[in-house]
Amino acid sequence: MAHKIAVIGGDGIGPEVTAQALKVMEAAGIELDSTDFDLGGARYLRDGEILSDEVLSELRGFDAILLGAVGTPDVPPGVIERGLLLKMRFELDLYVNQRPFQGTAPGHSIPHDFVVIRENTEGPYVGEGGVLRKGTANEVATQGSVNTRMGVERCVRYAFDLARQRDRKHVTLVHKTNVLTFAGNLWERTFDEVAAEYPDVATAYNHVDAACIYFVQDPHRYDVVVTDNLFGDILTDLGGAVSGGIGLASSANLNPARTGPSMFEPVHGSAPDIAGQNKANPTAAILSAALMLDFLGETAAADRIRAACDDPGAGGTTSVGDTIAARVRG
Ligand code: IPM
Ligand code: MN
């Protein structure tokens, strides 16, 4: 049966890279019933639509959402990010952001293979706070971080379940417990309590600043990393940088309870500076589509696509997509 997919190409290079991902899935023989949604900065500038409740409820009827990238320099920062991307993450309860990293870090000779599980619905991303006396010398801005026992626990549990399926069976908690003592303590206690239920999974803890060093100097120590929303955002750009570049970094925004569609997108942004020039690397979008196929149970096709993404050579967006599609076709 065809998978019912919503495609949000979005802004900048987004539509270019999602087109390649669709092409590769088709080459893999995946039957898709896909519907394009014209959303993002360009649409907002045209008629004000960001993500209305009507469109959101339409999206709920799909098996999955494939997203390119959103954001344009013509719209103030946060409008599209918060109104579209974060709204989907929150409203569809995509509480796990899974970002796998495989590659050989600069200065290393042995490849690493680890995955970051980023909490995706809480932390500083909830938008708690406000501003007083804006634009004056006495301006005050606060930005809170919301951490719930339920939210932390379901994310940590997902990380342990994932580690259990992997060879090394190891989970590292990354936080900043020495400074963020309230949130950090909640994360640490929750992590330790969940860990006790998984005696077969080994654990470690790193402060986030130390983790930045290890990502570069000793990435092999990691198997599964679990962390909060903002630390996970920052660390996964670093993860991309040490794993062949951000052009290869894929991600899955998951609702593991499957009460609605999950969303799959490259880690990179809309890159307006190279949009429309056939220059963007489509590999991250194609690997994100592979994560989508994993989640839809098409694991054989997903594995074939991943293998085909190995070093597809230099070239423009369409030619890299063509190379990968041809390899997938076999
Ligand atoms: C990401 C992006 C988003 C985030 C932005 C576009 C809101 O950087 O998916 O990593 O911060 O989560
Ligand atoms: Mn990011």
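## A walk from the ligand to the aromatic rings

Start by selecting D233 and ligand 1: an N or O atom in the side chain of D233 lies 2.9 Å from an oxygen atom of the ligand, a polar contact (a pair of N or O atoms within 3.5 Å; within protein, one must be able to donate a hydrogen and the other to accept it, and residues adjacent in sequence count only if both atoms are side-chain atoms). The protein covers 76% of the 320 Å² of accessible area that ligand 1 has on its own (Shrake-Rupley method, 1.4 Å probe).

Before moving on, note that this is a predicted model, where local features need pLDDT of at least 70 and side-chain atom pairs pLDDT 80 or more, while totals for chains, interfaces and linings use all residues. Residues are numbered from 1 along each chain, chains are lettered from A and ligands numbered from 1 in the order written, and side-chain values use heavy atoms, without hydrogens and water.

Now show the surroundings of ligand 1: E81, L85, R89, R99, R118, Y125 and D233 (each with a heavy atom within 4 Å). Polar side-chain atoms reach ligand oxygen atoms at 2.7 Å from R89 and at 2.6 Å from Y125.

Next, select N229, in helix α8 (residues 229-241); helices (H or I, at least four residues) and strands (E, at least two) are DSSP runs, numbered from the N terminus. N229 is buried, at 1% relative accessible area (buried is under 20%, exposed over 50%, partly exposed in between; 1.4 Å probe, protein chains only). A polar atom of its side chain sits 3.1 Å from the backbone oxygen of E122. Beyond four places in sequence, the contacts of N229 are R118, E119, N120, T121, E122 and Y125 (heavy atoms within 4.5 Å).

Then colour the aromatic rings: there are eight aromatic pairs (Phe, Tyr and Trp, the latter by its six-membered ring, with centres within 6.5 Å; planes under 30 degrees apart are stacked, over 60 edge-to-face, the rest tilted). F114 and F215 have ring centres 5.0 Å apart and planes at 65°, so they pair edge-to-face. F114 is in strand β5 (residues 112-119) and F215 in helix α7 (residues 208-217), 101 residues apart. Both are buried.

For another stop, pick F264 and F295, a tilted pair with 6.1 Å between centres and 50° between planes. F264 belongs to strand β12 (residues 262-266) and F295 to helix α9, so the pair ties together parts 31 residues apart in sequence. F264 is buried at 0% relative accessible area, and F295 also counts as buried, at 16%.

Finish with F101, F114, F215 and Y222, which ring pairs link into a cluster.
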